[in-house]
Amino acid sequence: MNKTTEFADIILPLPLAQLFTYSIPEELKADVAIGKRVVVPFGSKKFYTGIVKHIHNIPPKDYSTKDILTCLDEYPIINSFQFNFWDWIAQYYQSTLGDVFKAALPAGLKLESQTKISANEEFRTKEVLSKTEEQILNVLKHSKDVNIATLNQATGLKNTLPQVKSLLEKGAVSIEEQIINPYKEKKKEFVRLASDYSESEIGDFITSLKRAKKQQETLLSYLNLSKHYFEEIALKVSVFELLKSTDISRTILKSLVEKNILEIYQEKLDRIDLSETETSGLKALNEYQETAISKIRSDFKEKNCVLLHGVTSSGKTEIYIHLIQEQLEVGKQVLYLLPEIALTTQIINRLRSVFGNKVGVYHSKFNDAERVEIYNNIHQNNTANAYQVILGVRSSVFLPFQNLGLIIVDEEHENTYKQYDPAPRYHARDASIYLAHLHQAKTLLGTATPAIETYYNAKTGKYGLVELLQRHQNLEMPEIIIADIKEAKRKKQMKSMFSPELMQMMETCLENKEQIILFQNRRGYSPYLECKSCGWVPHCPNCAVSLTYHRYNNQLVCHYCAHSVHPPSTCEHCGSNEMEDKGFGTEKIEEELIGFFPNARIARMDLDTTRKKMAYEKLIYKFENHELDILVGTQMVSKGLDFDNVSLVGILNADSMLNYPDYRAYERSYQMMAQVSGRAGRKKKRGKVLIQTYTPEHPIIKNVIENDYISMYSNQLAERKEYIYPPYYRLINITLKHKNQNLVNKAAVVLTKSLRKIFGIRILGPQAPVINRIQNFHIVTILLKIEKKSSPSKAKWILNQQANYLKEMEAFKSIQINFDVDPM
DNA sequence: AGCACGCCGACT
DNA sequence: GTCGGCGTGCTC
């Protein structure tokens, strides 16, 4: 290997802006390469998995380098598209490469802190070991799952790393085994004939086995199970199935294998069994879909991104499928993005029915082993069973594509595409457009209710715009009815949170054996408890929010930090024992419904009832099969589900969405109501939507009734322009955090002042957000609004510079500052 | 991030 | 006199 390649710059999974330079030891020079994972020591007792970003021969001036310990990969697992994409994400969303690395790889491909060390059993002492080394080996031989910390404890030494390292060099221990193979592929064993025997040959085998009755029986049983004589291609027979059918032991099967009659082979087991699915080909498009698809094709000739604005049930999915097919024909990969909650078996099965095992699914409820499997599969790309179509959520933009032709972002308006909590705070839709650009691929955004920004981009010609406003099979849009709950309350007609109109309509539906969906954008039982006499409300001790009451486990829970306590029976403030629950969460609605309709089959769908892996699918399945009459849920119920028998959708409180203090509240309320309404009325008859509200005259409610996206859009656009918001301006939210409230406030004032000197009126704040304390950290925000046409990177550079100035001040150095670019 | 180092209060 | 609280600084 080249003598000059001595150093490697490594990305470590840390929120630090720089790369770390390590030296490449002689014996690893042939292995270490850009894009491979390596294990490096960091600090005095930690190991990290890092990614090699550069290799060079420039020795660092200010420090001496440590050696790379091992190289984990035979081939690079990060390709150059990904490196470019990572750089863009880190730059645009103001995060470190380490954070991007953490977000991009499934945990099974990373290794943090707790590196396991194990003794090599084959190791025989050739060299002299020091006393401590012997001691360490001894510990390792007698216990499992040992990491540096436990070693230190067991040996009583402060730091065993140098000894471990030297043992590693001598080959006495290994640390990489568990890293390379942290998971096992799910495999299943099958049996087949060892070669393509003719019928007479098989007959010979059977006669030759007449002294080995059990073996003969087994062979016959195999022929029977595989329908060898009846089917063109023998059916698959699993070892398990065969052994069970004859009640024989494995050894008998083994002797047949040894005689070269049968053989055992393994096949990777997919999460969803494909053996039964027959690929059914494409469905023909109707005339509207045809027009839309040819417009999409022609727009793609000039533009890299096209918005498909298609009303609910207009058959967007079929259009996607046709476009995917075209890409597969030219050998390109396709990424199909969906928001987390919309990724249902319905869609998966539809895609699988057309593209079979070319479809891979990437989802947060998959365990890590499954994610690693998918990652590796995409990575091998050209092999026969590599996925060509990936159906996935936000994080699938980080998969190792090398040949993307098209990215579809379905339900592009969904705010779950924006990552908030750990950095990088990226938006998968926007990132997709950049990713597509890297691959010289196209992006198709699809939705019934485009985000204002997206529609603006389409209207101004930045994106192509294709409208599909005809529901398929000429289904009618649902009839929307408003219930004025202010009026009903005044007249004392409300039954708990149900208006007389809603009650009456629900009764009719249940009589007609039709299904109902009720929507309430609030989980839990009731939003808060309140003391009847003094008005005291229990709050979270760590966050500035009231605690939500969950009845099923009788707990008060903080939805921000998950703090939970038993509800107090008496008021902590005045000692009164009358604590009253206020407001309605999905849980309480469910309970009250059971009271009103004891014969109806009712279920609830929210975060709490869908935590388990298949819980969501089970609920959907039950509802589809009409094992349920009423489904109560949060926004989960509005996502891309197609049910045939839903004749009524009830929105219990439209105002809670409308009154949310955010510039996007109206837009989001419209989207939510329009999407939920889209669930009503399928196939047979026109559905009904009932919206309960205190403000029936609200313009957004009017837009929803008239199904008038365009006027909602133009009203909102005018407001955005007037109040300086996207799409005319770009927003960057600056958050300051500290345990000391006084200190953050002061810091925010100082930072605001210095920023205002540069940006003038474009700086808003400082402002305490609605929830100004989370996990005992006080939070203050500053908002920067910059003109769309000005350079965002320059603004970001200034922000960084000013934030660093602030941190250089003695008093403020422990303030945490972070940026959220294009916040939601 | 996470870990060591270091400097102050309540305990044998 | 020490144990351990968290505030600060460094990691190639």
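Student: What counts as buried here?
Tutor: A residue is buried when its relative accessible area is under 20%. This is a predicted model, and the term is applied to it in that sense.

Student: How many aromatic pairs are there?
Tutor: The count comes to 19 aromatic pairs. Among them is the pair of Phe85 and Phe398, with ring centres 5.6 Å apart and an angle of 55° between the planes, which is a tilted arrangement.

Student: Where do Phe85 and Phe398 lie in the chain?
Tutor: Phe85 belongs to helix H1 (residues 80-92), whereas Phe398 is in the loop between strand E14 (389-392) and strand E15 (404-410). The two are 313 residues apart, and their pair links distant parts of the chain.

Student: And are Phe85 and Phe398 buried or exposed?
Tutor: Both Phe85 and Phe398 are buried.

Student: Why is the pair of Tyr455 and Tyr709 edge-to-face?
Tutor: The planes of Tyr455 and Tyr709 stand at 80°, with the ring centres 5.0 Å apart, so the pair is edge-to-face. The cut-off for that class is over 60 degrees. This pair also links distant parts of the chain: Tyr455 lies in helix H16 (residues 452-459) and Tyr709 in helix H24 (residues 709-722), 254 residues apart.

Student: Why does Tyr709 count as buried?
Tutor: Tyr709 has 4% relative accessibility, so it counts as buried. Tyr455, at 0%, is buried as well.

Student: Changing topic, which ring has Lys796 over it?
Tutor: The charged end of Lys796 sits over the ring of Tyr92, 3.8 Å from its centre. Tyr92 is also part of a cluster, joined through ring pairs with Trp88, Tyr93 and Tyr434.

Notes:
Residues are numbered from 1 along each chain as its sequence is written. Chains are lettered from A and ligands numbered from 1 in the order in which they are written. This is a predicted model: local features need pLDDT of at least 70, side-chain atom pairs count only at pLDDT 80 or more; totals for chains, interfaces and linings use all residues. Side-chain values use heavy atoms; hydrogens and water are left out. Rings of Phe, Tyr and Trp (its six-membered ring) pair if their centres lie within 6.5 Å; planes under 30 degrees apart count as stacked, over 60 as edge-to-face and the rest as tilted. Helices (H or I, at least four residues) and strands (E, at least two) are DSSP runs, numbered from the N terminus. Buried means under 20% relative accessible area, exposed over 50%, partly exposed in between (1.4 Å probe, protein chains only). A charge sits over a ring if NZ of Lys or CZ of Arg is within 6 Å of the ring centre and within 35 degrees of the ring normal.
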